[in-house]
Amino acid sequence: MRYGAIDIGSNSVRLLVGDLVGDDPWSAPFESVARAGEPCRLGRGLHESGRIAEDLAERAAAIAHEFARRARSLGAVHVVAGATAALRSAANGAEAAERISSRSGVTVRVLSGDEEARLVYKAVVLGLGGRSRSSQCVVFDLGGGSTEVVSGVGSLAGRWTSLPFGAVSIHERALPGDPPDEATIEAARDVISRELMHGCAQLPERSTLLAGVGGTVTVLASLDRGLTDYDPALLEGWYIERSRAQTLIDRIVRLSHEDRRQLPIMGEGRADIIGAGALVVEALMHRFQAPGLVTSTQGLRYGLVRLAAEEWLAGRPTDNR
């Protein structure tokens, strides 16, 4: 059976359509039919104003409308849409969610931090397979406005936290300059470290396996592999040893916006925020004493598509309007 998922994040809106076979959507193999993503920067200016800008909500609605149409045209029997930090924290988040729902024909669920974290954790462990299903894992999803961090053993998620920052918000709050000078970079590191240490206080001191999801992680992995085009098949499970990751982070954060744009793998709307995202990855590797970073391409939308299957099979697909 074919299902669809739309992930409405603080930096971009993403689509996933694919097939699941079997009666257990949380163990069945998944075959992707279509993936897409469009930048919308829904969380731009949110830290200062506390609200989603009208034009950004309209752009997110237009993208979600097109993605829902595409999912249905490909034969998806049920589509689930989930929104994360931007709509969760904005004073007008419910209003923006209703606008996107009305335009797309799919009810947008504003996910709690707990729901987002557990969906991401399950999706990542299922996607990585192998030793991740029996290891002590820490999974993080570095978004634009928040970073979800979840510890667990195998597919069983345990403690989690939602850190109140992501690549967009750190860029806006703490990393001005093009390129930023050394004092600015160190100040941004301090901001990230303080909030991360506080937010992750209840999580394990170290992990056997640290896996990351998000555009920053896939850019780092693509550069490490020398790729010129995004290819999830070549990135899923790719391991970046810590010293290599540090070299990449040091390089990226010190580049100008224009120099970042010239990197062969840099997607539209990411060049300005990738330095901030790289510093968050650096802090997470340090916090969990990780010898390296495992790349996952199967983030929230992969959890949402399995949730769509679960609802369909249970006879309760109530969200399509």
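Residues are numbered from 1 along each chain as its sequence is written, and side-chain values use heavy atoms, with hydrogens and water left out. Because the model is predicted, local features need pLDDT of at least 70 and side-chain atom pairs count only at pLDDT 80 or more, while totals for chains, interfaces and linings use all residues.

**Stop 1: the open sheet**

Select the five strands in the order E3-E2-E1-E4-E5; they form an open sheet with mixed pairing. Strands (E, at least two residues) and helices (H or I, at least four) are DSSP runs numbered from the N terminus. Two strands pair if DSSP finds at least two bridges between them. The edges are E3 (30-39) and E5 (108-110), each pairing on one side only. From one strand to the next, the twist averages 20°; axes are lines fitted to C-alpha atoms, for helices over the stretch in contact, and angles run from 0 to 180 degrees between N-to-C directions.

Now pick E1 (residues 2-8) and E4 (residues 78-83). They run parallel, joined by six bridges. Click Gly 4: its bridge partner in E4 is Val 79.

**Stop 2: strand E9**

Go to residues 209-213. Is E9 enclosed or open? Five of its five residues are buried, so E9 is largely enclosed by the rest of the structure. Buried means under 20% relative accessible area, exposed over 50%, partly exposed in between (1.4 Å probe, protein chains only). Leu 209, Ala 211 and Val 213 point one way; Leu 210 and Gly 212 point the other.

Five bridges join E9 to E6 in parallel, with Phe 140 opposite Gly 212. E9 also pairs in the parallel sense with E11 (residues 292-295), over two bridges. There Gly 212 stands opposite Thr 295.

**Stop 3: helix H6**

Select residues 167-174. The buried residues of H6 are Ala 167, Val 168, Ser 169, Ile 170 and Ala 174. Their cover includes E6 (136-142), H7 (182-199), H8 (215-225) and H12 (274-287).

**Stop 4: Leu 255**

Leu 255 lies in the loop between H10 (242-254) and H11 (257-261). Leu 255 is buried, at 18% relative accessible area. Beyond its neighbours within four places in sequence, Leu 255 is in contact (heavy atoms within 4.5 Å) with Pro 179, Arg 260 and Leu 263.

**Stop 5: pockets and cavity**

On a 1 Å grid over the protein atoms alone, a pocket is an open set of points with protein on both sides within 12 Å along at least five of seven lines; a cavity is a set where a 1.4 Å probe fits but cannot get out; lining residues have an atom within 4 Å of a point. Grid points are joined across faces, edges and corners, and a volume is the space filled by probe spheres set on the points.

The largest pocket holds about 870 Å³. Of its 42 lining residues, the closest to the centre are Ser 12, Arg 14, Gly 215, Arg 270 and Arg 301. E3 gives the largest share of this lining, five residues.

The second largest pocket has about 290 Å³. Among its 19 lining residues, Leu 46, Ser 89, Gly 145, Pro 164 and Ser 169 are the closest to its centre.

Finish at the largest cavity, of about 60 Å³. Its lining is Ile 52, Ala 53, Glu 54, Ala 57, Asn 92, Glu 95, Ala 96 and Arg 99. H4 supplies the largest share of this lining, three residues.
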